[in-house]
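Colleague: Hey, I'm new to this one. Could you walk me through it?

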Amino acid sequence: MIYWQIFKTFFKIGLFNFGGGYPMISFVQNEVVFKHSWLGTAEFTDIVAVSQMTPGPVGINMATYTGYAASGSAWGAALATLAVCLPSFIIMILLTRYFLRHRNNPSVRAVFKALRPAIIGLIAAAALVLVNKETFVDWKSFVLFALSFFLVWRFKLHPVRLILLAGAAGWLLY
């Protein structure tokens, strides 16, 4: 019975959570600490800390540790991990099938064309968040960025080649 409850709970968390692992923390806490009483508040806090320190997505790590703690077995951990990932997997399969079927539709093409500037803005915003006094861009980094941009824009250089070239140039310059 505990396995079915773990699956239902983490499937719901995976289905209704948006924004990654950190927004998931309060949702998971509400379900596993307050609603089901599988964990105490202190134990949940420890699980969040361990989930942040271990490699991988925080939300999936939390599901794995919580599933293990709630069931006392690796089966509970595996089931919670599967359940939290399954909704995203199903949604992506359905969206991909829809996209592949309608990719030549002018409306679908227009939507994807309109999304490009927003995606570039999100990537730029993430890069700006990482810039601080210790990682401030010097002139060499700016030249590497400008040259990379030009090579992709003008010559459609493959990203893997660009990464290798930028890595080699960074190694030589620094």
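Predicted model: local features only at pLDDT ≥ 70, side-chain atom pairs only at ≥ 80, totals over all residues.

Colleague: Where do glutamate 31 and lysine 35 lie?

Modeller: Both are in helix 2, 4 residues apart, which is about one turn of the helix.

Colleague: And is lysine 35 buried or exposed?

Modeller: Lysine 35 has a relative accessible area of 53%, so it counts as exposed, the cut-off being over 50%. Glutamate 31 is another story: its relative accessible area is 3%, so that residue is buried.

Colleague: How many salt bridges does a search of the whole structure find?

Modeller: The search turns up 2. Besides the one within helix 2, there's a salt bridge between the side chains of lysine 12 and glutamate 31, at 3.1 Å from N to O. That pair links distant parts of the chain, since lysine 12 sits in helix 1 (residues 2–16) and glutamate 31 in helix 2 (residues 21–35), 19 residues apart.

Colleague: Why does lysine 12 count as partly exposed?

Modeller: Because its relative accessibility is 26%, and partly exposed covers what falls between the buried cut-off, under 20%, and the exposed one, over 50%.

Colleague: OK, and which residues do the shared partners join into one network?

Modeller: Glutamate 31 pairs with lysine 35, and salt bridges that share partners join Lys12, Glu31 and Lys35 into one network. As background, side chains of opposite charge can pair when their charged atoms come close.

Colleague: Let's zoom out. How many helices and strands does the protein have?

Modeller: There are 8 helices and 0 strands. Read from the N terminus, the elements go α-α-α-α-α-α-α-α.

Colleague: Why is the protein said to be more spread out than a compact globule?

Modeller: Because its radius of gyration is 22 Å, well over the 16 Å that the globule rule gives for 174 residues. The C-alpha trace spans about 60 × 45 × 25 Å along the principal axes.

Colleague: What share of the residues is buried?

Modeller: Buried residues make up 23% of the 174. As for the surface, the protein exposes about 12500 Å², and carbon and sulfur atoms supply 72% of that area.

Colleague: What about contacts between residues 24 or more positions apart?

Modeller: Those account for 47% of the contacts with a separation of 6 or more.

Colleague: Last topic, the backbone. Which residues have a positive phi although they're not glycine?

Modeller: Serine 37 is one of them, with a phi of about 55°, and lysine 156 has a phi of about 50°.

Colleague: Where do serine 37 and lysine 156 lie?

Modeller: Serine 37 is in the loop between helix 2 and helix 3 (41–53). Lysine 156 is in the loop between helix 7 (139–155) and helix 8 (159–173).

Colleague: Are serine 37 and lysine 156 buried or exposed?

Modeller: Serine 37 counts as exposed because its relative accessibility is 54%. Lysine 156 is exposed too, with a relative accessible area of 64%.

Technical notes. Residues numbered from 1 in each chain as written. Heavy atoms only, no water. Salt bridge = Lys/Arg side-chain N within 4 Å of Asp/Glu carboxyl O. Helix = DSSP H or I, 4+ residues; strand = E, 2+ residues; numbered from the N terminus. Buried < 20%, exposed > 50% of the residue type's maximum accessible area, 1.4 Å probe, protein only. Rg over C-alpha atoms; globule rule 2.2 N^0.38 Å. Contact = heavy atoms within 4.5 Å. Areas by Shrake-Rupley, 256 points an atom, 1.4 Å probe, with all protein chains shown as cover.
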